[in-house]
Amino acid sequence: RALMDYNELGGGFKLALSDLQIRGGGNILGESQSGTIAAVGYDLYLDLLQRTVEDLKRQGDFTDDGPSESSDIDPEINLKISAFIPETYIPDLDQRYIAYRRIASVTSDDEARDLQDEFTDRYGHLPPATLNLFGVVTLKLELKKLRICKLEEAPDALVFSFTNNTPASPERILLYVEHHKKKARLTPDSRLVIRIPTASSESIFETVRKILHSLG
């Protein structure tokens, strides 16, 4: 029954939510987000998404400023990359949904590598967009450790938004800014802005991990 649900009305929306869960809300309609909005229609997608957000707010899981400090943090990642499972890689909708769920449940780099090997054996070499999706998932694990609730790629810059209870010490963050004063600055609303040159998807992941290592 669970598998049949994704071949029925609304199956595309459920698949899109699986994709959305991996990266967070983010820039849903921009080039950095690759859901399946077309499967249900733009208006219906926004309507259902709005209802979901309102339900979560009523349940107290979220505040107007984002996830509450008492809830488990789920970092939002908005990078200018394509990160999704192409229909040409896994044509079957049910199997693609399961693949999204399995990627979203990854809890370590080793687990991600094992799952990549499994997909390669089953479906063939991973396309670049799916490799990026794995990169996003493992990056979220690193962001969680420092309780960074959002990572955005602005024009020529990366923006890290910290929660109030981040384990990254203010001294270490300020020291990083001091050592990189020509390209890094800290805003009053706890955002670290770091200027970077335009980078490929592979190098952007490596750049972010180096920054997180310096902060953590």
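User: In which loop is Asp 156 found?

Analyst: In this predicted model, Asp 156 has a positive phi near 65° although the residue is not a glycine. Most residues other than glycine have a negative phi. As for its place in the chain, Asp 156 is found in the loop between β4 and β5 (157–162).

User: How far apart in space are Pro 75 and Lys 140, C-alpha to C-alpha?

Analyst: Pro 75 lies in the loop between β2 (66–67) and β3 (76–78), and with a relative accessible area of 0% this proline is buried. Pro 75 and Lys 140 are 65 residues apart in sequence, yet in space their C-alpha to C-alpha distance is 6.1 Å.

User: What share of the contacts between residues at least 6 apart in sequence join residues at least 24 apart?

Analyst: The chain has seven helices and seven strands, and from the N terminus on the elements run α-α-β-β-β-α-α-α-β-β-α-β-β-α. Buried residues make up 42% of the 216 residues. Among contacts between residues at least 6 apart in sequence, the share that joins residues at least 24 apart is 64%.

User: Are α3 and α4 roughly parallel or roughly antiparallel?

Analyst: The axes of helix α3 (residues 93–104) and α4 come within 11 Å and cross at roughly 165°. The crossing is left-handed, and the residues that meet there include Ala 99 and Ile 103 in α3 and Leu 115 and Phe 119 in α4. Because angles over 145 degrees count as roughly antiparallel, the crossing at roughly 165° makes α3 and α4 roughly antiparallel.

User: Which residues of α5 make the contact with α4?

Analyst: The helices α4 and α5 pack at an angle of about 160°, with their axes 10 Å apart, which makes α4 roughly antiparallel to α5. Their crossing is right-handed. On the α4 side the contact is made by Asp 109, Ala 112, Leu 115, Gln 116 and Phe 119, and on the α5 side by Leu 131, Phe 134 and Thr 138.

User: What kind of aromatic pair do Phe 119 and Phe 134 form?

Analyst: Phe 119 lies in helix α4 (residues 109–123) and Phe 134 in helix α5 (residues 128–145), so the pair ties together parts that are 15 residues apart in sequence. Both residues are buried, and together with Tyr 89 and Tyr 123 they form one aromatic cluster. The ring centres are 6.0 Å apart and the planes stand at 65°, and because planes over 60 degrees apart count as edge-to-face, the pair is edge-to-face.

User: Why are the buried residues of α6 on the same side of the helix, and which exposed residues does the face turned away from them carry?

Analyst: The buried residues of helix α6 (residues 170–179) are Ile 173, Tyr 176 and Val 177. They cover an arc of only 100° around the axis, which puts them on the same side of α6. An α-helix has 3.6 residues a turn, so residues three or four places apart point the same way. The face of α6 turned away from its buried side carries the exposed residues Glu 171 and His 179.

Technical notes. Residues are numbered from 1 along each chain as its sequence is written. This is a predicted model: local features need pLDDT of at least 70, side-chain atom pairs count only at pLDDT 80 or more; totals for chains, interfaces and linings use all residues. Side-chain values use heavy atoms; hydrogens and water are left out. Buried means under 20% relative accessible area, exposed over 50%, partly exposed in between (1.4 Å probe, protein chains only). Helices (H or I, at least four residues) and strands (E, at least two) are DSSP runs, numbered from the N terminus. The arc is that of the directions from the helix axis to the C-beta atoms. Rings of Phe, Tyr and Trp (its six-membered ring) pair if their centres lie within 6.5 Å; planes under 30 degrees apart count as stacked, over 60 as edge-to-face and the rest as tilted. Axes are lines fitted to C-alpha atoms, for helices over the stretch in contact, and angles run from 0 to 180 degrees between N-to-C directions. Angles under 35 degrees count as roughly parallel, over 145 as roughly antiparallel, 65 to 115 as roughly perpendicular and the rest as oblique. A crossing is left-handed if the near helix is turned anticlockwise from the far one by less than a right angle, and right-handed if clockwise. Contact means heavy atoms within 4.5 Å.
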